[in-house]
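I opened the model to look up its fold, its ligand shell and its backbone angles. My entries follow.

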Amino acid sequence: MIGPVLENERVRKPIRVLRQWMDRTRARVRRWHSREDGSWRTRTDPVRGRKHALREEVGYWRDWLANAGGKWAAEYAYRFDPAAEVADPALRELLAASPRDEVSVLDVGSGPVSTVGYRFPGKSIALVPVDPLADEYDRLLARAAVVPPVRVLRADGEHLLEQLGRDRFDIAYARNALDHAVDPLAIIENMVAVVRPGGNILLRHVRNEAVRQAYVQLHQWNFDRHDGHLVAWRPGETTDVTAALAGRADVRCYLEPAEEDGATEWVVCVIHRHADQPLATS
Ligand SMILES: C[S@@+](CC[C@H](N)C(=O)[O-])C[C@H]1O[C@@H](n2cnc3c(N)ncnc32)[C@H](O)[C@@H]1O
């Protein structure tokens, strides 16, 4: 019965049109979500659309884990190697200068597995990686059947102080994470509060990353160096981080060319919390 009905052109035509429409829509959605053609949606606000952007971030790491890092296979191996020595040159300087044998390092916005490394000559490292997507990352790690040398805790930078408490770490570190946040200055203030007096914060971000990424996904903030100051900016909003921390912390900021392509610069910033000054923030 159904056969002759489907052979009837009056029935087949709308089905054909519907199918074509569905194919076009599917292709459009695929293009919309494709990372290859750069057609991710540009966002104009760090809050609006964040839920969707967080799902996109999870998708990125799902692919990364499923492909064992893909074209970043060496970095994948480094992150999962419990014997990996700290590679970040600025972090190595801070570790070498630390008077402590055991140095506690907080990695803010670590991703599913930290990029800090686990060893350093003459020191032991107590690493605490945190990320707001830690629970989702745990599920991805289980699905990929891999175990990170140190498990990531769930915490977003804007609430670090409430969640972790003040004066706890020797070094707070963030790489390419604060540009993904809602309020980078609030996170930096929290990082200053959770390190001990005399402790250090190290920020390493690709220069003006949100511009480079056309404000898609979680990329909403740019870090740059203006007149020696660290600034976080997005259209219509600029925060002078160095000025905001004046009297509480010294900020040393420099540009470093990237190793891989020579075209991408890093903004590297070492923030030294004064040893003898109480914090102004609550
Ligand atoms: C590009 S990944 C960087 C991961 C790692 N630091 C690295 O260099 O490979 C950005 C990370 O920042 C995290 N992130 C986003 N918003 C954040 C926030 N408000 N506080 C802390 N981390 C955040 C994301 O969940 C994501 O894991």
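**Notebook entries**

I began with contacts: residues 24 or more positions apart account for 63% of the contacts in the chain with a separation of 6 or more, a contact being two C-beta atoms, placed from the backbone, within 7 Å. I noted that the model is predicted, that local features need pLDDT of at least 70 and side-chain atom pairs pLDDT 80 or more, and that totals for chains, interfaces and linings use all residues. Numbering runs from 1 along each chain as its sequence is written.

I looked up the secondary structure and found 10 helices and 11 strands, taken as DSSP runs numbered from the N terminus (helices H or I, at least four residues; strands E, at least two).

I then checked burial: 32% of the 282 residues count as buried. Buried requires 20 or more other C-beta atoms within 10 Å of a residue's own, exposed 12 or fewer, and partly exposed lies in between. In helix α8 (residues 184-194), 9 of 11 residues are buried, among them P184, E189 and V194.

Around the ligand I found 20 residues, with G109, G111, G157, A177 and A181 the closest; near means a C-beta atom within 6 Å. This shell holds 8 nonpolar, 7 polar and 5 charged residues, and Gly counts as polar.

Last, I looked up phi. Most residues other than glycine have a negative phi. A214 has a positive phi near 55°, and Q217 has one near 50°. A214 sits in the loop between α9 (209-212) and β7 (222-226), and Q217 is also placed between α9 and β7. A214 is partly exposed, because it has 14 C-beta neighbours inside 10 Å. Q217 is buried, because 24 other C-beta atoms lie within 10 Å.
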